[in-house]
Amino acid sequence: MGSVLSPVMVGRREQLAALHAGLDAAVAGHGSTFVVIGEPGVGKTRLLREVRRCAVERGMAALVGRAVETAVPLPFRPIGEALLAACRSERVGEDPAVAPFRSALGCLVPEWSTPDTVGYEVSLLHVAEGFLRIARGLGGAGGAVVVLDDLQWADGESLAVLEYLADNVSAEPVLVVGATRSDPTSLRVGALIAMVDRRVASLLELSRLTPEQSVEMTRHCLGDARIPAEVLQLVIDRADGLPFFVEELLAALENDGALVRHGEQWVAEHPAVRAPVSFAESVRRRIGLLTPAAREVLVDAALLGRRIDPDLLATVAGADPVAVGEALQAAERRLLVEIHDCGFRFRHALTRDAVLADLPPGDRSARARRVLDRLETADSNLLSESPEVLADLAETAMRHDVAVAHLLEVGRRALRQGALTSAESAQRRALELSRGTELELEAAEALVETLGVAGRADDTFPLGEVLLARFDSSAGALDPDGSRRGAVHLALGRAAVAGTDWALAAAHLGAAGRHGAGPDLAARLNALRAVVALGEGQLDDAGRLAAEAVDAAERAGVPDLLCEALLVHGRCARIRNHEVAECAFERARTVAREAGLAHREARALAELGSVHAYRGLVTRLLEARRLAEACGAPETEAVAENHLAVAAWTRGDVDDILVHAAAVLQLARRYRLGLLVPAALIHQACAHAMRGDSAAVDALLAEAAPQITEEATQRISMHAHVRALCALAHDDLATAAREFAVAEDIVLSERPTAMPPLASMAVLLRALDGVDPRQAAMDLRRRACAGPLLEAVLAAAQAVALGRRGDHVAAASAMSSALLEMELNPFVHAVVARLVAPHATAEGWGEPMRWLDAALATFEARGLRRPAGACRALRRGGPIGGRQPGAITSRERDVLLLVAEGLPNRTIAERLYLSSRTVEKHVERLLAKTGSSNRAQLATYALRQDENT
């Protein structure tokens, strides 16, 4: 069997951080000891490999050894292994500090043994000190790490050496890390814990992965291709959060041909589970130690699922309860089962699988039928409380009709809880088992509903269209009142909404309304129609429909319906009032949490995060992404990633923008999520714009532009956040001004659903040219809710106007507040400072030199030569605090530098966003101030000044 390994460690951030800190301290000469503890398969060895890898990458020496399980422990086994490996690669014996201990270490290193040392009585103290000196010598100035694994099998001598190291390593450049299984009854483990209790070692406990982390690890193992829901659910159910089992299960599925990759997706070909070979053999060996009667009890227990109710087990096994209890206690002693709640359970889900694996198929089916028959006649809560167990049992018994019925109940429960991955997994299994039977249609309808809620257009439409065709061809026999057809149209409408295909969504929602009835359906339709209206720019209709949906949902008292309506209501309110939107989203989250609706809670968190994104806050969005991935809601996951890209843009973090934009693009293309594809492309273009990479910007916009012809918000971003910013990265003020003006026109002539903050830069540029910004600012605020960055740009525009009117104190205060708000995005901060500083200098207000220093540092750090050069030129301009007779102002300095390049007045005017007449006046004043008689002499003067500086 091949191996499917995760390229990254999942769920071990705290432990890795502690060990990295230990490595740092060791390099600085302050050693430490860590004891890593956890059950088998939890990832101890992988963590130790990661520590070793990090140490080697830092240039540190690594000594690695492990204990092994033997009938008689071999003295110094892990210590000797680490030492021998070091001696093979290094000439450690020549170290003078080690020389006095060569005789003692001769029992571990054969070439150090001499005739004089034969029969030499080994001193533990000398071995331990010699080993420590070797580690110190190998590490040198770079430090060393000692890694010892499987210490639950270590001999007493090795543990004594480890204890010595822990007591004496604090002043040495050595990190010591030992790993052991968690077994409170083991004396060896007790000795390691005693070191922790004495505070000479730190304890790092590894727990099992959460279901979300198991899903994340599965995605890392299988790469970027789409993974079927049933495989994700299988890993959650069977791997029990143990990383070793996650990798081994996936490897088994792939090698058995049950999981096959086709292009950009994995396909599950009747996935079946088998325990890893070594684990199954261990279980088989322990079962063999039980009595025949106990083994029979254990097999019946395995047929009933992982949890074991002793009384129920006695009923289905037809055995004496006392005998059943004794059998379970014997299995507990063999580490096959464990006490759990008021009963027992198999220690691992794969333990149960291994118990059943050795049964011949015919025997397994016969025993499953017997158990199922007894269950159906027994007075047991299992029939109503554990449909998934009964589904497994019925499938094993070849009672597929019973299995399908229980699987559909599992799917309904999971869907009510918002566990979309679990729901899809159960429904796909039901569909497969029901092929060619009367239940096939019901299973397909259930699956379509789940796929629609998940926003999975790629899967919803093919299956939904098949269902509609079957209803149509039955001439009303399968759907006499049209309600089944209406439910399918509703699911297809949801999928079309997720894909932002507004026309298709409206058509299916209209059909759903014609075929169905009832207040619940009306509320759901209104909520979805509100999203369609919002997407089509019909904001008034969207708000009205959303409010009606909330009212109807409150009357119906259905939590899922209320969450959906509140989320739509918040999205409509967000356009003009963030506080109202935030209240709606927060209420939706509360309702979702109280009702256990994971997918609705994830979406509420994503929408809350959208309100916070332009403040650079990401906590809600990270929660939303994690929860959406765990419950199988890819649309919500993509929305969260999209807003994380916005938050990264707000912080000016180019690398983070590209990471999140790539994630959005992958999800949006995989699940056909409409406008999120161009949104991701625009995010990527924004990042490259702030780097001044014009070629990358042009390529990305060429791909994005055809997809956003009707979307106002994205077109505003394309002009203001991409093209204009890219121009500013090259200090091309004229091009930037034109692009900002186009963005402003879109804002004022259309109805964007969100306001990209740099749409307000057009107001600032006009203020710099002498236009009062107040009316334009009011017009922008009326179109959509203004965020903090947009308001900061408008405040800078107002500062310019105040400075021009002579109110220098108010101008300085307004500009200071504006720049403070912009500090989150260093690039925007630098651009605004570079634009406003020359005017503040000329008019004698604010701190333009300090602003230019900060802007210069930002531009230089990003390698933006032209704006950095402009800042340096402006810093060499006129004095701050007012003009002096004969001094060259900053604006005149701009003109002078461009004259030196040989540019005519019209081109200079375009570059500096000035009129040609203004440039002519500046040139006349420069000729007078420099004593030059023509432009050639002006150019010579400029070059001479540049050389002098």
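This briefing walks through the sheets, cores, aromatic pairs and cysteines of the structure above. It is a predicted model, so local features need pLDDT of at least 70 and side-chain atom pairs count only at pLDDT 80 or more, while totals for chains, interfaces and linings use all residues. Residues are numbered from 1 along each chain as its sequence is written, and side-chain values use heavy atoms, with hydrogens and water left out.

**The five-stranded sheet**

- Five strands make an open sheet in the order β2-β3-β4-β1-β5, with parallel pairing; strands (E, at least two residues) and helices (H or I, at least four) are DSSP runs numbered from the N terminus, and two strands pair if DSSP finds at least two bridges between them.
- β2 (61-66) and β5 (202-205) sit at the edges with a single partner strand each, so one side of each has no neighbour in the sheet.
- From one strand to the next, the twist averages 15 degrees; axes are lines fitted to C-alpha atoms, for helices over the stretch in contact, and angles run from 0 to 180 degrees between N-to-C directions.
- Strand β1 (residues 32-38) and strand β4 (residues 174-181) run parallel and are joined by seven bridges, with Ile37 standing opposite Thr180 in β4.
- Helix α7 lies across β1, β4 and β5, at about 135 degrees to β1; contact here means heavy atoms within 4.5 Å.
- Leu187 belongs to α7 (residues 187-197) and is exposed, with a relative accessible area of 76%; exposed means over 50%, buried under 20%, and partly exposed in between (1.4 Å probe, protein chains only).
- The C-alpha atoms of Leu187 and Val580 are separated by 62 Å, and the two residues are 393 residues apart along the chain.

**The three-stranded sheet**

- Another open sheet has three strands in the order β8-β10-β9, and here the pairing is antiparallel.
- Its edge strands, β8 (307-308) and β9 (337-340), each pair on one side only.
- β9 is joined by four bridges to strand β10 (residues 343-346), and Ile339 stands opposite Phe344 in β10.
- Helix α14 (residues 321-333) lies across β8, β9 and β10, at about 110 degrees to β9.

**Nonpolar cores**

- The largest nonpolar core has 156 residues, with Leu298 and Leu313 having the most contacts inside it; such a core is a set of buried Ala, Val, Leu, Ile, Met, Phe, Trp, Tyr and Cys residues joined through side-chain atoms within 4.5 Å.
- Helix α25 (residues 519-535) gives this core its largest share, 10 residues.
- Apart from that core lies another, of 110 residues, including Ala624 and Ala712.
- Leaving aside neighbours within four places in sequence, Leu313 is in contact with residues including Val297, Ile308 and Val324.

**Aromatic pairs**

- There are three aromatic pairs, where rings of Phe, Tyr and Trp (its six-membered ring) pair if their centres lie within 6.5 Å, and planes under 30 degrees apart count as stacked, over 60 as edge-to-face and the rest as tilted.
- Phe244 and Phe245 form a tilted pair, 5.7 Å centre to centre with 50 degrees between the planes.
- Phe244 is partly exposed at 32% relative accessibility, whereas Phe245 is buried at 3%.

**Cysteines**

- The whole structure has zero disulfides, taking a disulfide as a pair of cysteine sulfur atoms within 2.5 Å.
- Cys221 has its closest cysteine sulfur 19 Å away, in Cys54, which is too far for a bond; Cys221 is buried, with a relative accessible area of 12%.
- Cys726 is in no disulfide either, with the nearest cysteine sulfur, that of Cys686, 11 Å away; Cys726 is buried at 6%.
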